[in-house]
Amino acid sequence: MNEMTTISRQQRAYSPAAAAFLARKPQLFINNEWVDSSHDAVIEVEDPSSGKIVGHVVDASDKDVDRAVAAARAAFDDGRWSGLPPMVRDRTMNRLADLLEANAALFAELEAIDNGKPMTMAGAVDIPGAISQLRFMAGWASKISGETTQPYTMPGGQVFSYTVREPVGVCAQIVPWNFPLLMASLKIAPALAAGCTLVLKPAEQTSLTALKLADLVVEAGFPAGVINIITGNGHTAGDRMVKHPDVDKVAFTGSTEIGKLINRNATASMKRVTLELGGKSPVVVMPDVDVAQAAPGAAGAIFFNSGQVCVAGSRLFAHKSVFDQVLEGMAATAPFWSPRPSLDPDAHMGPLVSKEQHERVMGYIEAGKRDGASVVMGGDVPASDGGYYVNPTILANVNPQMSVVREEIFGPVVVAQRFEDLDEVARMANDTCFGLGAGIWTKDVAVMHKLAARIKSGTVWGNCHAMIDTALPFGGYKESGLGREQGHQGVEAYLETKTVIIQL
């Protein structure tokens, strides 16, 4: 693509509030207090828009993890949270949502500085989404109930039997770097509604908004030990959390590779596990579409959040009769998606989150070229003085054996393929180990339902993509995960069912 010479990739100045937060001493939030680590190890905070180090957070030690888990264990065992009236839990969670809303601008800026996503996007998607998670799940605190059941083999009147739903206990929650605060709220909210206590570890690349959220926990009125937030590396602090004997449940969002490792480790003590993992989501464009709508829609499915989305529409299947038109329409969106610094108010796409991720994505693009893929758009890096920018990229002339087609790239790269009929595209869409999301673009409602029924995916979107709502369950088929989050299924993932049988 032609470089837009008018774009400056110089990151803008931070607000005084953001600068002050970045200058804070690295500490952990345990038992409603900011505490020092047991050692001096820290992790650098990098602004991916500039590549500059702008702060530090604690790299938690085993002792730090143990202290946080002990606080959560004590808070659960004495019932200081689960024993409260559901109305009180509801109100406390809503107070946290209110405080988050009152500080939304600062949270959006911190997310943009830390992750690289445009601040305008964080303000429109991430922060409102986090608030919605808390408010929706707060209502479930008062709606958890069991039932009475007449036994099948026993005469009436001889026993009284019923079920109760109880919180699973202490939860270790590990969230990714692509939607840091939104994913944190998605984990925290159902656990709190169920009556659990928790230790949250944000991704080591993007810990700022989780730490800022901790500032609001005490003000909202949560008892000590209910919410503990520690920072640290996944292979050390995260691993310690997963294996800890006093943790009852692990909830993780991230790569399938790490999810499998967590699942194996949790099995040793039969911890309850929820995993939301990788994806390689198909986007199917049927021949009857309005290309003027479908092409920008398909572009947004992959270029939103720089393609760093678990449900990113990274495999495009366009009917042969509209294939060229769809790619032309997607390529026409290049100026809109041209990457800019995260604090640029005109940005729609920012840099990738880190140097490591930048090298990973460019490595996939180069591998695709070597394997014979042709570059329709992008495939390169825009001019900048620093930062981890990649131009939005479309690759065509690909085949199912290529790594760019089979593996999750997690960047603004889509591979485009033609198809002729429903049977063929259903087979192609399902030719993956993943099954998290899928998109279908068509005006034919019968085709929409037929294809939605055949695609093996936790969510299927029609004439849209990546629309997420707190009331609707979210999760994956196959290697895209275990369990569901959001909706009432999200709360149930944090509950145990107890049966009580009393002889009369």
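# Exercises on packing and cavities

The model is predicted: local features need pLDDT of at least 70, side-chain atom pairs count only at pLDDT 80 or more, and totals for chains, interfaces and linings use all residues. Residues are numbered from 1 along each chain as its sequence is written, and side-chain values use heavy atoms, with hydrogens and water left out.

**Exercise 1.** State the volume of the largest cavity and the residues nearest its centre.

*Solution.* 
- Rule: on a 1 Å grid over the protein atoms alone, a cavity is a set of points where a 1.4 Å probe fits but cannot get out; lining residues have an atom within 4 Å of a point.
- Volume: grid points are joined across faces, edges and corners, and a volume is the space filled by probe spheres set on the points. The largest cavity comes to about 70 Å³.
- Lining: 13 residues line the largest cavity, and Ala312, Ser314, Glu408, Ile409 and Phe410 lie nearest its centre.

**Exercise 2.** Classify the aromatic pair of Trp81 and Phe222, and explain which parts it ties together.

*Solution.* 
- Rule: rings of Phe, Tyr and Trp (its six-membered ring) pair if their centres lie within 6.5 Å; planes under 30 degrees apart count as stacked, over 60 as edge-to-face and the rest as tilted.
- Count: the structure holds 7 aromatic pairs.
- Class: Trp81 and Phe222 are 5.2 Å apart centre to centre with 40° between the planes, a tilted pair.
- Position: Trp81 lies in the loop between α2 (62–77) and α3 (86–102), and Phe222 in the loop between α7 (208–220) and β8 (227–229), so the pair ties together parts that are 141 residues apart in sequence. Helices (H or I, at least four residues) and strands (E, at least two) are DSSP runs, numbered from the N terminus.
- Burial: Trp81 and Phe222 are both buried. Buried means under 20% relative accessible area, exposed over 50%, partly exposed in between (1.4 Å probe, protein chains only).

**Exercise 3.** Classify the pair of Phe336 and Trp337, and decide for each ring whether it is buried or partly exposed.

*Solution.* 
- Class: the ring centres of Phe336 and Trp337 are 5.0 Å apart and the planes stand at 80°, so the pair is edge-to-face.
- Cluster: Phe336 and Trp337 form one aromatic cluster with Phe303.

Conventions: 1 Å grid on protein atoms, 1.4 Å probe; cavity = no way out; pocket = protein on both sides within 12 Å on 5 of 7 lines; lining within 4 Å.
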